[in-house]
Amino acid sequence: MWSYKSSFKKNWDMFIVFLAIYNSLMIPFDQAFKPPFLSYIGFIIFDNIVDLLFVFDVILMFFTSVLTDSGSESYDSEDVSKMYMSAVRFKVDIISLLGSDVLSGIHRYFSLFGMFKLLRVFRLS
């Protein structure tokens, strides 16, 4: 279990914010202009890695301590799970995962779900 105050968690959160900024710039650009260079294999691989890192972030949240109502840090996995799953952030994280390129590879209709990845921008607040 990681402390929410640990340097690893703070660095990880900054990295995730960087990826959210990348998504907030590239998704609208891709949807609006469909530039051919974004269909190169390198960009596709990078986008899939970004999606996997967001999946890993959701999993990591289940292993990160939380601040309880009493103001103490809790490492209890039940407390952590309940608090994360009842938070708005969990719902936003899950919806943003629906925008992963895995679904859009199944059918063209699912490419609209890519816009859900923009919800990751809420990490910036």
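This is a predicted model: local features need pLDDT of at least 70, side-chain atom pairs count only at pLDDT 80 or more; totals for chains, interfaces and linings use all residues.
## The chain as a whole

Let's start with the big picture. The chain has five helices and two strands. If you follow the chain from the N terminus, the elements come in the order α-α-β-β-α-α-α.

How much of the chain is buried? Of its 125 residues, 30% count as buried.

Now look at helix α2, which covers residues 41-61. This helix has 21 residues and spans 30 Å from its first C-alpha to its last, close to the 30 Å expected at 1.5 Å a residue. Which residues of α2 are buried? They are Val50, Asp51, Phe54, Asp57, Val58, Leu60 and Met61.

Between α1 (7-33) and α2 there is a loop, and Lys34 sits in it. Lys34 is worth a look for its backbone: its phi is positive, at about 45°, although Lys34 is not a glycine.

## Where α3 meets α4

Next comes a pair of helices. Two packed helices are described by the angle between their axes and the distance between the axes. Here, helix α3 (residues 77-86) and helix α4 (residues 88-97) pack at an angle of about 70°, and their axes are 4 Å apart. Angles from 65 to 115 degrees count as roughly perpendicular, so α3 and α4 are roughly perpendicular to each other.

Which residues make this contact? From α3 come Tyr84, Met85 and Ser86, and they meet Val88, Arg89, Phe90, Lys91 and Asp93 of α4. Sorted by class, the contact of α3 with α4 has four nonpolar, three charged and one polar residue.

Finally, find Phe116 in the segment after α5 (101-106). Is Phe116 buried, partly exposed or exposed? A residue is buried under 20% relative accessible area and exposed over 50%. Phe116 has 31% relative accessibility, so it counts as partly exposed.

What does Phe116 touch? Leaving out residues up to four places away in sequence, Phe116 touches Ile95, Ser96, Leu98 and Gly99.

How values were computed: Residues are numbered from 1 along each chain as its sequence is written. Side-chain values use heavy atoms; hydrogens and water are left out. Axes are lines fitted to C-alpha atoms, for helices over the stretch in contact, and angles run from 0 to 180 degrees between N-to-C directions. Angles under 35 degrees count as roughly parallel, over 145 as roughly antiparallel, 65 to 115 as roughly perpendicular and the rest as oblique. Contact means heavy atoms within 4.5 Å. Ala, Val, Leu, Ile, Met, Phe, Trp, Tyr, Cys and Pro count as nonpolar, Asp, Glu, Lys and Arg as charged, and the others, Gly among them, as polar. The expected span of a helix is 1.5 Å times one less than its number of residues. Buried means under 20% relative accessible area, exposed over 50%, partly exposed in between (1.4 Å probe, protein chains only).
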